[in-house]
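Please find below a colleague's note on the structure.

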Amino acid sequence: MSMMTEFKAFAMRGNVMDMAVGIIIGAAFGKIVSSFVGDVLMPPLGLVLGGVDFSDLTVTLKEASGEVAAVTLNYGMFIQTVVDFLIIAFAIFMVIKAMNSLKKKEEEKPAAPPAPSAQETLLAEIRDLLKSRNS
């Protein structure tokens, strides 16, 4: 029973939950970027390059024979995946850059002046008492 309790304590820590949410959002973001690249970016790029469909770019290593499918090297899909990666990497770079600039702004704010020490407070009280007696 202690193993279940220990696992529950581990799974419910804040950083584990944050990581789980980040992975789920990252997977969804990856699908969005893949769709953007495959459905929006690559078709016009292929059209500019002479009607090339990147997903069809292959090199046949072994022709199909009978029931056996051809062995192909799908370098067009690789190009599309590299473009996916570059877009995701750029988006992550921009998010981190924005976070760093916000963090830098927080650091640049002047710190509140330190509270007077107990000795300074006591001396101020003595000064105020002496002023009130002399008045």
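This is a predicted model: local features need pLDDT of at least 70, side-chain atom pairs count only at pLDDT 80 or more; totals for chains, interfaces and linings use all residues.

1. Residues are numbered from 1 along each chain as its sequence is written, and side-chain values use heavy atoms, with hydrogens and water left out.

2. Helix 2 spans residues 14-48; helices here are DSSP runs of H or I with at least four residues, strands are E runs of at least two, and both are numbered from the N terminus. The axes of helix 2 and helix 3 come within 9 Å and cross at roughly 125°. Axes are lines fitted to C-alpha atoms, for helices over the stretch in contact, with angles running from 0 to 180 degrees between N-to-C directions.

3. Val-59, Leu-61, Val-71, Leu-73, Tyr-75, Phe-78, Ile-79, Val-82, Phe-85 and Leu-86 make a nonpolar surface patch of about 930 Å². Two or more residues each come from strand 1 (59-62), strand 2 (71-73) and helix 3 (75-108). Helix 3 gives the largest share, six residues. Patch members have over 30% relative accessible area and no salt bridge, with nonpolar side chains (Val, Leu, Ile, Met, Phe, Trp, Tyr) joined within 5 Å; areas come from the Shrake-Rupley method with a 1.4 Å probe.

4. Val-82, in helix 3, is partly exposed at a relative accessible area of 32%. Partly exposed lies between buried (under 20%) and exposed (over 50%), using a 1.4 Å probe and protein chains only.

5. How many salt bridges does a search of the whole structure find? It finds one, which joins the side chains of Arg-127 and Asp-128 at 3.3 Å, N to O; the criterion is a side-chain nitrogen of Lys or Arg within 4 Å of a carboxyl oxygen of Asp or Glu. Arg-127 is partly exposed at 45%, and Asp-128 is partly exposed at 41%.

6. Ser-2 lies in helix 1 (residues 2-11) and is exposed, with a relative accessible area of 60%. Ser-2 and Leu-123 are 121 residues apart in sequence and 57 Å apart in space, C-alpha to C-alpha.

7. Gly-26, in helix 2, is partly exposed at 38%. The C-alpha atoms of Gly-26 and Ser-55 are separated by 24 Å, at 29 residues apart along the chain.

Conventions. Patches are made of residues with over 30% relative accessible area and no salt bridge: like charges are joined within 9 Å, nonpolar side chains (Val, Leu, Ile, Met, Phe, Trp, Tyr) within 5 Å.
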